[in-house]
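Subject: A model for you to look at

Hi,

Here is the structure I promised to pass on. Please open it alongside this note, and then read on for what turned up.

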Amino acid sequence: MVTAETSREISFANTEREFSFADREPTREFSFANRKPKFCLFIAAIILLPGLIFILVWFTLHPFQPHYSLEKFYVPALDKDSDDIRIMNPTTISFQLRFWHGNRHKSIYYDDLNITLSYHRNSSSLPIGNVSIPEFHQRYLQIKHRDETVQTFGVPWEDARMEVSNGKTALFRVDLDTKIRYKNGLWKAGRHELKLGTDVHVNDHGTMKNSLRLSDATVHVNCIHLSIVALSVFILPMLL
């Protein structure tokens with residue numbers, strides 16, 4: 001027989017069970033809310049990790065641009081202090097190139113280097129000579145120099161002497177064209193073209209004032225910047 005006291009106990013038990021269910025529901029929602037940021041960070045890490053690996057590999061394998069410079073450039077025909085009668089009808093220009101390779105554990109193989117000299121007058125360029133430097137190998141952290149003399153032709157010497165005699169400078173140009181490939185350990189990369197050049201202002205001593213760096217006119221896209229931008233586009237919306 002169900003007494004009044006038993007009925008009260010059953011009613012109290014049911015009420016306690018309802019409160020228990022009601023108390024558990026907010027706890028479940030709070031737990032999910034705590035896990036959501038961690039889930040987003042986990043997804044972001046999955047997307048970010050390949051990008052970071054790519055950047056590290058790129059820095060490891062991609063070589064830095066070597067430094068190429070013109071150290072000496074001498075035009076005896078324009079040297080007012082020279083008393084050598086042979087320079088009255090000069091036919092040569094001498095120069096020195098410097099190759100500095102600062103990449104660690106990477107060496108460079110150069111194909112034949114084609115050097116072209118030109119004289120600039122009235123906004124026009126006149127080729128006046130060329131020479132070929134034989135191929136060579138440059139080890140890492142090594143400096144090499146190449147001294148060459150070019151047999152010139154068609155140089156308007158009277159015009160050039162007039163320029164320097166007036167306190168101005170005669171404008172020449174040196175252009176370099178070759179192909180190089182890098183070696184990292186036992187692995188050799190493919191050849192890629194290298195075109196460099198610089199303008200040379202020659203004074204009345206037949207020389208230039210300072211050494212000049214040969215610059216590359218080719219426009220390069222920075223892969224690191226592109227990678228960072230691409231990663232930002234994918235990751236930032238997830239973190240916001």
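Which residues does H101 touch, not counting residues up to four places away in sequence? H101 touches P66, K106, S107, I108, Q138, R139, Y140, L141, Q142 and Y182, where contact means heavy atoms within 4.5 Å. H101 lies in strand β2 and is buried, with a relative accessible area of 0%. The terms used here are buried for under 20% relative accessible area, exposed for over 50% and partly exposed for anything in between (1.4 Å probe, protein chains only).

Before going further, a word on the basis: this is a predicted model, in which local features need pLDDT of at least 70 and side-chain atom pairs count only at pLDDT 80 or more, while totals for chains, interfaces and linings use all residues. Residues are numbered from 1 along each chain as its sequence is written, and side-chain values use heavy atoms, with hydrogens and water left out.

The overall picture

The chain has 3 helices and 13 strands; helices (H or I, at least four residues) and strands (E, at least two) are DSSP runs, numbered from the N terminus. Of its 240 residues, 28% are buried. If you take the contacts between residues at least 6 apart in sequence, 71% of them join residues at least 24 apart. The accessible surface comes to about 16300 Å², and carbon and sulfur atoms account for 59% of that. Those areas come from the Shrake-Rupley method with a 1.4 Å probe, and for residues only the protein chains shown count as cover.

Aromatic rings

A search of the whole structure finds 7 aromatic pairs. Rings of Phe, Tyr and Trp (its six-membered ring) pair if their centres lie within 6.5 Å; planes under 30 degrees apart count as stacked, over 60 as edge-to-face and the rest as tilted.

F99 lies in strand β2 (residues 92-101), so its pair with Y110 in strand β3 ties together parts 11 residues apart in sequence. The relative accessibility of F99 is 1%, which makes it buried, and Y110 is buried at 2%. Ring pairs link Y68, F99, Y110 and F136 into a cluster.

Salt bridges

The structure holds 6 salt bridges, each a side-chain nitrogen of Lys or Arg within 4 Å of a carboxyl oxygen of Asp or Glu. R191 forms one with D111, the closest N and O atoms being 3.1 Å apart. R191 lies in the loop between β9 (187-188) and β10 (192-202) and D111 in the loop between β3 (107-110) and β4 (113-121), so the pair ties together parts that are 80 residues apart in sequence. R191 is partly exposed, at 48% relative accessibility.

In helix α2 (residues 157-165), E158 and R161 are 3 residues apart, about one helical turn, and their side chains meet in a salt bridge (3.3 Å, N to O). E158 is exposed at 60% relative accessibility, whereas R161 is partly exposed at 23%. E193 forms a salt bridge with K195, at 3.8 Å between the closest N and O atoms. Salt bridges that share partners also join R173, D175 and D199 into one network.

One more strand residue

Q151 is found in strand β7 (residues 142-151) and counts as exposed at 52% relative accessibility. Not counting residues up to four places away in sequence, Q151 touches T91, T92, I128 and G129.
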